[in-house]
Amino acid sequence: MASIDSPTLYTTFRHCFPEVSSEKIALAFAPGRVNLIGEHTDYNGGWVLPAAMQLGIGAAVVYHESPTIFIRSAQFAETFQIDLQQPVFHSFSDWRIYPQAVVRQLLAQGHRLPGASIALHSDLPTGAGLSSSAAIEALLGFVLQPLVAWGFPERVSLAKLAQAAENQWVGMPCGIMDMFAISLAQPRQALLLDCHTLSFELVEAVPPPSLSWCVIHTGKPRRLVASKYAERRAECELALNWLQEHGAEATHLSACSLSDLEALAQAEPLLYQRAKHVVTENLRVKALCQAMQRQRWDKVGAYLTQSHLSLRDDYAVTGVELDTLFELSSRIEGCRGLRMTGAGFGGCALALVEQDKLTNFQTHLATSYQLSTGFDPVFMSLEIAGGVDWVLPPHTI
Ligand code: GLA
């Protein structure tokens, strides 16, 4: 279901590397991810429910004997190049920070990497909360360890590799949700992942034909995500430490119950709010899953709404644009629920909308949102796709 087809990837390769023969080309695709619910629970050892989407990043790769990796992109002018025998690392502030992080992490883990010319083509908006960074990391981890058949253990290692690359070499202290979804997702299913144990179940997540998932980009580039994200993580750690010092036995915040938090409410009101979001959101993940499994889509919509309110009022990661989408959409007929998805602070929202009212919903929301914020929203459908994979595997290995 990859949105970038083979002819496009061939053309991208010829455009990026006119000097290299494309006779022995391999093609791969990594999707973006949309989190249905379970926001800011992954780094608290909780549940998440992400799915892979049809949009993503494709790679066209020709492996070669010389110990150099060249990466070019259809979207950006810069080339990333690294000599594997004498690697030199740079402090990039553009997209090249991600491939460099993956190469660096693979080398740090002792992998021998193949020389390769890699051309990238993306239709995934960047900075939109759809995990374009995790997609490029997982994609490069995938093509730089060119197994023809990627089994389950290799995919879990791939997710961990991509997270380590992001944490160590990009400096974003993210959890494992995005990489896990991109590495292990299956078409039509969401991954109900326990981030404490990494055990998961697949849950059918395609609504009936009368409803559809709709992804809405606020049009607002995300700002301060890394610093605010790190701040929330630190607040969660402080909350957990406080609870443990006052007798709680939980090893992670998601394992606490609301009654465990009562004393924290008096002593540290801000930390209480953060912890309350984490604990209630964690419960909502299971509740929303159950509602989907029982085809109770009215309840699914209600959990989306509750999640957004908790992220707005207790976790404070939404921001004016996402909250405006939330407010306006609740007044438009046919919207069953909407919540921000991803880290927040701008980026995208996910809505559940009645199919026969979808066009009307989008038209009204676009007009009123533009009037209120000055930004044009971008609407995307959500077709639930599979994880990173070969479109055309390498034939020489
Ligand atoms: C970002 C991070 C994830 C997760 C979400 C919030 O996408 O990369 O690990 O924490 O934010 O749920």
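Select helix 3 (132-143), which gives four residues, the largest share, to the lining of the largest pocket. Helices here are DSSP runs of H or I with at least four residues, strands are E runs of at least two, and both are numbered from the N terminus. The model is predicted, so local features need pLDDT of at least 70 and side-chain atom pairs 80 or more, while totals for linings use all residues. Residues are numbered from 1 along each chain, and side-chain values use heavy atoms, without hydrogens or water.

The complete lining has 45 residues; Tyr98, Gly127, Ser132, Ser133 and Arg222 lie nearest the pocket centre. A pocket is an open set of points on a 1 Å grid where a 1.4 Å probe fits, with protein on both sides within 12 Å along at least five of seven lines; lining residues have an atom within 4 Å of a point.

Now display the ligand, which sits in the largest pocket (more than half of its atoms lie within 2 Å of the pocket's grid points). Select the residues around the ligand (a heavy atom within 4 Å), among them His40, Tyr43, Met177 and Tyr229.

Finally, inspect distances from ligand oxygen atoms to polar side-chain atoms: 2.5 Å for Asp42, 2.7 Å for Glu39 and 3.0 Å for Arg33. The protein covers 94% of the 310 Å² of accessible area that the ligand has on its own (Shrake-Rupley method, 1.4 Å probe).

Note on methods:
Polar contact = N/O pair within 3.5 Å; in protein donor to acceptor, adjacent residues only side chain to side chain.
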